[in-house]
Amino acid sequence: MTSANPPWWTSAVVYQVYPRSFADSDGDGIGDLEGIRGKLDHLADLGVDVVWLSPVYRSPQDDNGYDISDYQDIDPAFGTLDQFDALLADAHARGIKIVMDLVVNHTSDEHPWFVESRSSTVSPKRDWYWWRDAREGMDAGTPGAEPTNWQSFFSGPCWELDETTGQYYLHLFSRRQPDLNWENAQVRRAVYEMMRWWLDRGVDGFRMDVINMISKQPDLPDGPPIPGTPYGDGSVATFFGPRLHEFLAEMHREVFAGRDADLITVGEMPGATVEQARLVTDPARAELDMVFQFEHVQLDQGASKWDHRPLRLTDLKASFGRWQAGLADVGWNSLYWDNHDQPRAVSRFGDDSPAYRRDSATCLATLLHGHRGTPYVYQGEEIGMANSTWSSVRDFRDIETLNHVAEATALGADPEEVLATLRPASRDNARTPVQWDATEHAGFTTGTPWIGVNPDHVEWNVAAQREDPHSVLAHHRALIALRHADRTVQLGDFTMLLPDHEDVYAFTRSLDGDTLLVVCNVSATPYPLAELLPEAVGDELVLGNRDHLPDHDDAVLGPWDARILRLR
Ligand code: ISL
């Protein structure tokens with residue numbers, strides 16, 4: 001990425017809205033488009049450039065909209081196409097772009113394409129999905145007769161037997177999310193046409209759901225066994241398949257060519273390596289602008305996401321450092337702590353106890369936003385929203401969580417132990433309603449919220465932070481303003497310092513003779529800054545999170561202290 005004529009998104013900050021949980025305008029307990037429209041001033045005040053909308057298309061909501069039955073309509077739970085146009089117009093009037101979630105690895109089983117496909121083996125759309133006979137020599141329907149041994153992301157096998165024709169169809173996610181067959185050129189043409197339709201309507205780009213899974217190894221080989229399960233790992237055959245780059249380049253030609261300068265595209269790519277991301281985001285190859293990689297959100301996981309381990313800061317630094325270096329000259333990073341699939345950042349990487357919640361939330365934000373790349377703020381992160389505190393499995397709503405509970409209890413696991421594994425890891429942590437104020441249901445709805453509001457909303461909410469100059473919200477506002485104003489924050493070269501320190505995360509960013517030093521204490525233990533980084537004492541403080549406190553000491557890095565300094 002040259003600093004001569006950088007794309008607009010190198011100085012932009014994206015905000016993710018999960019519509020179901022953002023703001024409800026009609027009292028049905030589910031957030032909606034009019035609710036988002038009513039909160040645009042909050043987003044304008046925060047200063048974000050782009051809103052990524054999680055799916056609002058027509059959907060049976062098996063996976064909260066990531067199962068789409070009509071790509072060209074709005075789900076009635078969220079509103080209408082007219083309301084969408086109004087939201088887009090109002091966002092644009094405030095200089096905010098809107099990015100749609102593109103979910104085209106799979107559709108809903110209620111999508112007309114799939115309804116047609118499943119109707120007979122000779123349906124003209126049969127080949128639009130992955131249909132296969134039972135494993136050779138086995139009777140369809142018997143356990144293990146599935147065409148491959150792959151485990152679904154949402155528990156159980158990746159194949160569902162369809163009684164109509166006696167064949168199985170592939171679903172990497174729920175059985176209600178059949179995978180589209182991108183080998184079929186008609187599928188690709190239909191997707192591109194739909195994408196052009198949204199761009200013509202005025203949307204500003206796409207976040208592409210599991211887009212690295214659209215190309216599969218066509219012979220569908222079994223994967224290596226997953227210990228303790230009857231399944232195998234299908235990722236070898238389904239991630240970064242042989243035609244992925246070809247498909248992305250074709251999509252670029254067919255959909256983005258000629259108008260890509262104003263758009264933003266980001267591909268969600270679980271399992272991506274730096275090398276793969278570099279290829280996908282190399283501007284010369286014309287595929288995507290940036291990817292969401294998963295390395296840093298898997299460092300605290302053992303054999304599965306339910307196996308939670310303490311994170312070592314040195315591992316986080318090694319990972320981020322490699323990504324910063326790997327995409328320094330070619331390609332671009334996206335920067336995120338959390339999203340609708342991940343636990344809350346302050347609870348996971350920070351300390352959400354009363355003593356350190358504000359300081360650790362602002363520290364983490366400083367750290368993330370200090371890196372080179374495009375930062376993504378997930379709704380509620382800007383006020384330091386924390387994980388849920390539920391005491392019963394009945395409080396959870398997420399299909400991934402509920403399927404896991406069903407599978408684990410069927411295998412005889414202790415329900416209390418299962419609940420304990422859900423607490424730090426469940427996607428529902430991110431899906432509790434945004435806390436707008438201290439009133440009942442946090443100002444999210446006048447009805448009954450579809451998922452429980454966090455009781456801490458009486459203290460942690462937007463209204464309480466809006467006028468407070470030292471709030472988590474104010475700190476995000478300042479970080480976003482800094483990115484807009486400062487070319488070194490946007491484009492400066494990244495150099496990691498103190499890679500082996502267990503608690504302090506420090507790095508420099510340099511551009512044209514200007515150097516910023518970002519130093520963050522990712523712990524509650526104070527450290528003598530003068531000893532660790534003598535160059536950090538006495539320099540110009542560009543932005544700090546604790547310099548307003550009476551115990552602040554220039555030479556000591558206090559608990560969760562975070563500073564951006566300009567070196568002389
Ligand atoms: O959430 C995950 C880990 O717990 C991932 O496995 C997640 O399912 C994966 O990152 C893909 O996520 C995306 O596609 C899914 C959808 O459920 C997620 O919400 C979406 O972000 C299927 O569309």
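A cavity here is a set of grid points where a 1.4 Å probe fits but cannot get out, and its lining residues have an atom within 4 Å of a point. With that in hand, let's look at a few close-ups of this predicted model.

View 1. An unreviewed UniProt entry assigns "domain: Glycosyl hydrolase family 13 catalytic" to residues 16–431.

**View 2. The largest cavity.** Of the five cavities of 30 Å³ or more in the structure, the largest has a volume of about 70 Å³. Its lining includes Trp-337, Asp-338, Arg-344, Glu-381, Met-385 and His-476. Helices H10 (345–348) and H11 (357–370) each supply at least two lining residues, and H11 gives the most, with three. Sorted by class, the lining has seven nonpolar, three charged and two polar residues.

**View 3. The second largest cavity.** This cavity holds about 60 Å³ of space. Among the residues around it are His-369, Gly-370, Leu-482, Arg-483, Arg-509, Val-518 and Ile-564. At least two lining residues come from each of H11, helix H15 (472–485) and strand S16 (514–521). H15 provides the largest share, three residues. The lining counts six nonpolar residues, two polar and two charged.

View 4. Which helix gives the most to the lining of the largest cavity? That is H11, with three residues. H11 also supplies at least two residues of the lining of the second largest cavity.

Definitions and conventions:
Residues numbered from 1 in each chain as written. Predicted model: local features only at pLDDT ≥ 70, side-chain atom pairs only at ≥ 80, totals over all residues. Heavy atoms only, no water. UniProt positions renumbered as here; feature names shortened; annotations may be inferred. 1 Å grid on protein atoms, 1.4 Å probe; cavity = no way out; pocket = protein on both sides within 12 Å on 5 of 7 lines; lining within 4 Å. Points joined across faces, edges and corners; volume = space filled by probe spheres on them. Helix = DSSP H or I, 4+ residues; strand = E, 2+ residues; numbered from the N terminus. Nonpolar A, V, L, I, M, F, W, Y, C, P; charged D, E, K, R; others polar.
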